[in-house]
Amino acid sequence: MGVYEELQERGLIAQVTDEAEIRNLINSGGAKFYIGFDPTADSLHVGHFMALCLMRRLQLAGNKPVVLIGGGTGYIGDPSGRTDMRSMLTPETIQHNCDCFYKQMQRFIKFGPDDAIMVNNADWLLKLNYIELLRDVGACFSVNNMLRAECYKQRMERGLSFLEFNYMIMQSYDFYYLHEHYGCNMEFGGDDQWSNMLGGTELIRKKTGEDAFAMTITLLLNSEGKKMGKTASGAVWLDPNKTSPFDFFQYWRNIDDADVMKCIKMLTFIPMDQIHEMENWDGSRINEKKEILAYELTALVHGEEEATKAKEMARALFTGASDNMPTYELDESSLVDGKITLIDCLVVSGLCTSKTEARKLIQGNGVAVNDVKVADIALAFTVDELKEGVKIKKGKKVFQKIILK
C-alpha cells in the first residue's frame, strides 16, 4: 500500500485537483508540498493537528515539506469559516507567534537543508508594490469566481471587508512564489481552504503554463458535525503552558465513543492492520481504545514521559490513588488564620474562575472532597489537612490534590 492509499484508508483526503498525478507524486516521494499556518496565536492547537500529522506522514514517505508561516497574510486574516474580522496583530506579536510555531513543529517533522524548511511569506508579501501586484496578479482573477467561493459567500450577508477580500489573492500568490523559488508542486490544507488553493493552481497555470496540484484534508469533526479541539474553557493547545499534558490527555480520553476509531485512524501512527484489529474489539473495550488514543497523541505532542504521567494521573482519578495525581502546591500566604476555604481552593487552583462559580458548583452538588460530596460553602481546611493533601474533584473528570508547600 502506498502512502496515498493509506491516507485514503485513514479518511484523510477530502478533495484533490488531479488524483492520478497526486497519487504518483506522493507515492514516489516526488512531492515538494507546502502547508500554511497563520500565526494568530502563540501556540498551535488541535485544529492544526491534521496538517502536522500529514506533514509527518508524507515526510516519512520521502516527500519534502515546506512549512509556510503567514507572517504576511497574518496582517490580513483569513475570512474562511469566520463570521467576523480577525483582530489586527502587531509585527512583534506575529514574529513571536512564528517563533513559537517553529519550536512546536520540531516534534512532528525534521527540519534541515535536505529535509523540511520553514519560510515566512512576510519576506515577499510585505515587499510587494500594490500597482505591480494589481497588474501582474490581479488581472488573473475573476471577481465573479471569487464571490462564488464558499469562504466569501458565508460572509457576504454579514459584511466582508476589502482587506479580507484580498486573502485569496495573497494565498494564491504564496503558491506561485513557492513554485517559482522553491520548486513547490503541491499545496495541502484544510477542506475550508479549497477555493484559495484552486486560486493558486490557476495562477501558476496562467503565469507559467505549468501544472501544480492541491489536496485538502478532511476537517476534524465530531459525530455531531462540530469541529473538534474546543472545550468549555477554550481551545486545546499544543503548548503545555496553555493546555497541560494531563488536560490534553484527558481531552482525548473523554471524547464521544462514536469518534474514537475515526480519531485513531486519522491522527495516530498506529499501523492500519492493528487498527483493523481494534475495530473488531468487543464494545466493552471502548475505554481501552480511548486510553490508547490519548496516550499516542499526548506522546506525539509532549513526549512519552509526559504521556505516561498523564495516563497514570487519569487512572488515579478512577482508582482514588493519590500518587501521580495532578497537584497544586498552596502557598502559606493564601491562608487566613491558618485556614483556607474550599471556595478559595477552587479558585486559586484554577478549578474555577471565580468565587461565584465555585459557590454555585458546590451548591449544585458538583464538588467532592476526598471522594465525598460536599454542599457546605463555608467548608475550610486546616494546615494539618493541607500538609497531608486534600483531593478536590470538580464534576466527574476534573480533579486536583491541594497540598501546602
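Which residues of α3 are buried? They are F49, M50, A51, L52, C53, L54, M55, R57, L58 and Q59. Here a residue is buried under 20% relative accessible area, exposed over 50%, and partly exposed in between, using a 1.4 Å probe and protein chains only. Helices are DSSP runs of H or I with at least four residues, numbered from the N terminus.

This is a predicted model, in which local features need pLDDT of at least 70 and side-chain atom pairs count only at pLDDT 80 or more, while totals for chains, interfaces and linings use all residues. Residues are numbered from 1 along each chain as its sequence is written, and side-chain values use heavy atoms, with hydrogens and water left out.

Because 10 of its 12 residues are buried, α3 is largely enclosed by the rest of the structure. Just after α3, G62 has a positive phi of about 100°.

The next topic is the nonpolar core, meaning a set of buried Ala, Val, Leu, Ile, Met, Phe, Trp, Tyr and Cys residues joined through side-chain atoms within 4.5 Å. The largest core has 71 residues, and F37, F49 and W252 touch the most other members. A second, separate core of 22 residues includes L68, L125, C140 and I169. Contact means heavy atoms within 4.5 Å. Leaving aside residues up to four places away in sequence, F37 touches L44, H48, A51, L52, M55, V67, L68, I69, G70, F101 and M105.

A pair of aromatic rings is described by the distance of the centres and the angle of the planes. Rings of Phe, Tyr and Trp (for Trp, its six-membered ring) pair if their centres lie within 6.5 Å; planes under 30 degrees apart count as stacked, over 60 as edge-to-face and the rest as tilted. The structure holds 11 aromatic pairs. In one of them, the rings of F49 and F248 have centres 6.3 Å apart and planes at 25°, so the pair is stacked. This pair links distant parts of the chain, with F49 in helix α3 (residues 49–60) and F248 in helix α12 (residues 245–253), 199 residues apart. F49 is buried at 0% relative accessibility, and F248 is buried with a relative accessible area of 0%.

F248 pairs with W252 as well, in an edge-to-face arrangement with 6.3 Å from centre to centre and 65° between the planes. F248 and W252 are 4 residues apart in helix α12, about one helical turn. W252 is buried, as is F248. Ring pairs link F49, F108, F248, Y251 and W252 into a cluster.

Some rings have a charge over them, which requires NZ of Lys or CZ of Arg within 6 Å of the ring centre and within 35 degrees of the ring normal. The charged end of R57 sits over the ring of F269, 4.3 Å from its centre. Likewise, the charged end of K242 sits over the ring of W237, 4.6 Å from its centre.

Side chains of opposite charge can pair when their charged atoms come close. A salt bridge is counted when a side-chain nitrogen of Lys or Arg is within 4 Å of a carboxyl oxygen of Asp or Glu, and the structure holds 17 of them. D136 forms one with K207, the closest N and O atoms being 2.4 Å apart. D136 lies in helix α6 (residues 130–136) and K207 in helix α11 (residues 194–208), so the pair ties together parts that are 71 residues apart in sequence. D136 is partly exposed at 36% relative accessible area, and K207 is partly exposed at 28%.

Another salt bridge joins E279 and K265, with the closest N and O atoms 2.8 Å apart. E279 lies in helix α14 (residues 272–279) and K265 in helix α13 (residues 260–267), so this pair ties together parts that are 14 residues apart in sequence. E279 is partly exposed at 34% relative accessibility.

Notes
Helices (H or I, at least four residues) and strands (E, at least two) are DSSP runs, numbered from the N terminus.
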